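Colleague: I would like to learn how to read a structure of this kind feature by feature. Could we look at it together, taking one place at a time?

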Amino acid sequence: MAKLVSKTYGDALFELALESGQEDRLLDEARKLLTIVQSNQDLAKMMNHPKIVIEEKQKIVEEIFKDRASRELIGLMTMIIAKGHYNEFDSVLEYFIEQVKEYKKIGTAYITSAMDLSLVQKDAIRRKLLDTTDYVQFELIYDIDPSLLGGIVIRIGDRVVDGSIKSKLARLTSELSKAKLQVS
């Protein structure tokens, strides 16, 4: 159900953004709003409180966001509240953000290395990703995992390129354990 809600409302917002030529503005705004919604537990508690009527929740949202969000996003938020799907609002925004990024050919790559990478290494990775994919821009998210021993692991969507020493050692160990030792 949650996936259907995020897709339905996310697609509607995406179509509105395309029709009005506001992809960039709504993308930026959706990212900011997502951060606010995910970090504010009090707002979530209030929106999920059974004794606060829907109309009051809508008024609260309109008042809180009237100078912080566009009428399109406030309208979407109040509509989602009216349908009783506030718990899915962050997934709607996440879906919309991914749709706009795909439309604009912006990829997200998660790069894990055994140690911190230099700026030169990061730039080389970015250039290689741009050369080997259809994306025109990348958001690169770095993480350090010393257990990799060396090398890097890159994840883009459901694709993973594992060039870590840890995985190479694991493959070598597996191959050696399958090999039969011959004694002459």
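Modeller: Let us start with Lys105, which lies in the loop between α6 and β1; helices (H or I, at least four residues) and strands (E, at least two) are DSSP runs, numbered from the N terminus. Residues are numbered from 1 along each chain as its sequence is written, and side-chain values use heavy atoms, with hydrogens and water left out. This is a predicted model, in which local features need pLDDT of at least 70 and side-chain atom pairs count only at pLDDT 80 or more, while totals for chains, interfaces and linings use all residues.

Colleague: What is the phi of Lys105, and how exposed is this residue?

Modeller: Phi of Lys105 is near 60°, a positive value in a residue other than glycine. Exposure is read from relative accessible area, where buried means under 20%, exposed over 50% and partly exposed in between (1.4 Å probe, protein chains only). Lys105 counts as partly exposed because its relative accessibility is 41%.

Colleague: Where is Leu149, and what is its phi?

Modeller: Leu149 sits in the loop between β2 (137-144) and β3, and although it is not a glycine, it has a positive phi of about 75°. At 51% relative accessibility, Leu149 counts as exposed.

Colleague: How should I read the pairing of β3 with β4, and how many bridges join them?

Modeller: Two strands pair if DSSP finds at least two bridges between them. Here, strand β3 (residues 152-156) and strand β4 (residues 159-162) run antiparallel and are joined by four bridges, and Ile154 has Val161 in β4 as its bridge partner. The two strands form a hairpin with two residues between them, and in the turn Gly157 has a positive phi of about 60°.

Colleague: Which residues are closest to the centre of the largest pocket?

Modeller: A pocket, on a 1 Å grid over the protein atoms alone, is an open set of points where a 1.4 Å probe fits, with protein on both sides within 12 Å along at least five of seven lines, and lining residues have an atom within 4 Å of a point. Grid points are joined across faces, edges and corners, and a volume is the space filled by probe spheres set on the points. The largest pocket has a volume of about 240 Å³; of the 14 residues that line it, the closest to its centre are Glu98, Glu102, Thr108, Tyr135 and Gly157. At least two lining residues come from each of α6 (89-103), β1 (106-113) and β3, with β1 giving the most, four residues.

Colleague: How many salt bridges does the model have, and which residues are linked in a network of them?

Modeller: Side chains of opposite charge can pair when their charged atoms come close. The rule asks for a side-chain nitrogen of Lys or Arg within 4 Å of a carboxyl oxygen of Asp or Glu, and by this rule the count comes to 12 salt bridges. Arg25, Glu29, Arg71 and Glu72 are linked in a network, in which the side chains of Arg71 and Glu72 meet at 3.9 Å, N to O. Arg71 is exposed, at 70% relative accessibility, whereas Glu72 is buried, at 13%.
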